[in-house]
Amino acid sequence: MIRRPPRSTPLYSSAASDVYKRQGHTVQPLVVALHYSKKYPELKQTLIEAANICGYGRVLAGLHYPTDYTAGVKLAEDLMEYMDYDKF
């Protein structure tokens, strides 16, 4: 895998231009990973790594800023406090 520096100017994307959608690519996979980590603790590291790759990929592609990723991680962690594990 070739590591490239993030672009200084994000590529055009309607999702990237809407500040309310930027964290979604980080929040969704991380919430899923954290949820399944509770059910399958032996997979926790792999699930979290996969979620981080998914979320940070948008930064590497120049579509989001690192702060979008950081905010998404914080939001996912905060949302987990409201997860009802007995229902899922």
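How many of the residues of the protein chain count as buried, as a percentage? And which residues make the contact between helix H1 and helix H3?

A: This is a predicted model, in which local features need pLDDT of at least 70 and side-chain atom pairs count only at pLDDT 80 or more, while totals for chains, interfaces and linings use all residues. Residues are numbered from 1 along each chain as its sequence is written, and side-chain values use heavy atoms, with hydrogens and water left out.

Of the 88 residues of the protein chain, 32% count as buried, where buried means under 20% relative accessible area, exposed over 50% and partly exposed in between, with a 1.4 Å probe and protein chains only. The chain contains three helices and zero strands, in the order α-α-α along the sequence; helices are DSSP runs of H or I with at least four residues, strands are runs of E with at least two, and both are numbered from the N terminus. Among contacts with a separation of 6 or more, 71% join residues 24 or more positions apart, a contact being heavy atoms within 4.5 Å.

Turning to the packing itself, the axes of helix H1 (residues 24-39) and helix H3 (residues 66-79) come within 8 Å and cross at roughly 40°, the axes being lines fitted to C-alpha atoms over the stretch in contact, with angles from 0 to 180 degrees between N-to-C directions. H1 is therefore oblique to H3, since angles under 35 degrees count as roughly parallel, over 145 as roughly antiparallel, 65 to 115 as roughly perpendicular and the rest as oblique. On the H1 side, the contact is made by Thr26, Val27, Leu30, Val31 and Leu34, and on the H3 side by Tyr69, Gly72, Val73, Leu75, Ala76 and Leu79. By class, this contact of H1 with H3 has nine nonpolar, two polar and no charged residues; Ala, Val, Leu, Ile, Met, Phe, Trp, Tyr, Cys and Pro count as nonpolar, Asp, Glu, Lys and Arg as charged, and the others, Gly among them, as polar.

Cysteine 54, in helix H2 (residues 44-60), is partly exposed, with a relative accessible area of 42%, and touches His25 and Pro29, not counting residues up to four places away in sequence. The C-alpha atoms of cysteine 54 and valine 27 are separated by 9.9 Å. Histidine 64, in the loop between H2 and H3, is buried, with a relative accessible area of 5%, and its C-alpha atom is separated by 9.7 Å from that of histidine 25, 39 residues apart along the chain.
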